[in-house]
Amino acid sequence: MAVTLSADLLPEFLSSLRNDAGAIHIRGEINSKLCSVITDYDFIVDRWPNYTSAVARVDRTTSKYPVHLGPLVSVFTTQAAHLETLLRQPGVLDWSAKIIFVCVDADAMPALVKAIDYHHRSYTVDTYLLMTVTRDTLRARLIPDGFQMTAIKPEQASIVNSLWKYNDGKHSEIYIEDIVSRLPSCCLYDAGGNMVGFALNYHYGAIGMLHVLPEHRGKGYAKMIMSHLASLCLQQCEEVFVLPDEENKISIRLHEDIGFRQVPDSKRFALVIE
């Protein structure tokens, strides 16, 4: 029987997931809830305390971000067959709605595909790479004289949202406004005070949403922004991660140049069920 974890059990759950790369996304979501960043998540396990599989989902009926975060689901397992069983149980997920399984590792994929087939849904797959950086590996880029790096202001959320490929309107703008109010972000300005580009910290721990304005590209500013943001985040945690698209060689090289490295078995999958 599936168990929805109460808030007082989340620190123990988080501690049990330490150092497991397969749980990096769900760890971030637990941290987000414990730190009151984005608190909309429910965490469901196959049993407690000796769980083998877990699901993190957003309650669409109460969330501030039902369109943007509502479809996103994270899974973790040490025994794939148990994950399939958990996903078949009534009430764990709404299989009649859109679902996007995010940051799925190779160990969980077979069980997830079987569960999707069981519910007679079709899906598409995108592939990403998990890359991490630490204080020891980060190679920060200096900010040029006259330039300024500041946090993104909440009132700039509409600008950031308009340039984000996952913009879904007002819900994603509210999400951006909330996370830049609570988490590190970086916005680079040139000597004339003009915006050059920006990046921010997602609620689950990854950094990204990197955007450099077209007239400023090819000058190394993306590396400045991302290395500065990584440095800020590393003041609060031991490692920082990104999830570039497997086909985005430019992004992969950019992150490698500032000290990010692919973790072993670094491929991560997003399964989209419409």
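Modeller: Before we start, rings of Phe, Tyr and Trp (its six-membered ring) pair if their centres lie within 6.5 Å, and planes under 30 degrees apart count as stacked, over 60 as edge-to-face and the rest as tilted. This is a predicted model, in which local features need pLDDT of at least 70, side-chain atom pairs count only at pLDDT 80 or more, and totals for chains, interfaces and linings use all residues. Residues are numbered from 1 along each chain as its sequence is written, and side-chain values use heavy atoms, with hydrogens and water left out.

Colleague: How many aromatic pairs does the count come to by this rule?

Modeller: The count comes to 13 aromatic pairs. Phe13 and Phe43 form one that is edge-to-face, at 6.4 Å centre to centre with 65° between the planes.

Colleague: Where in the chain are Phe13 and Phe43?

Modeller: Phe13 sits in helix α1 (residues 10-16) and Phe43 in strand β2 (residues 41-45), so the pair links distant parts of the chain, 30 residues apart; helices (H or I, at least four residues) and strands (E, at least two) are DSSP runs, numbered from the N terminus.

Colleague: Is Phe43 buried or exposed?

Modeller: Phe43 is buried, with a relative accessible area of 2%, and Phe13 also counts as buried at 1%, where buried means under 20% relative accessible area, exposed over 50%, and partly exposed in between (1.4 Å probe, protein chains only).

Colleague: And which rings are linked into a cluster?

Modeller: Ring pairs link Tyr65, Trp164, Tyr166, Tyr175, Tyr202, Tyr204 and Phe241.

Colleague: Changing topic, how many helices and strands are there?

Modeller: The protein chain has 8 helices and 12 strands.
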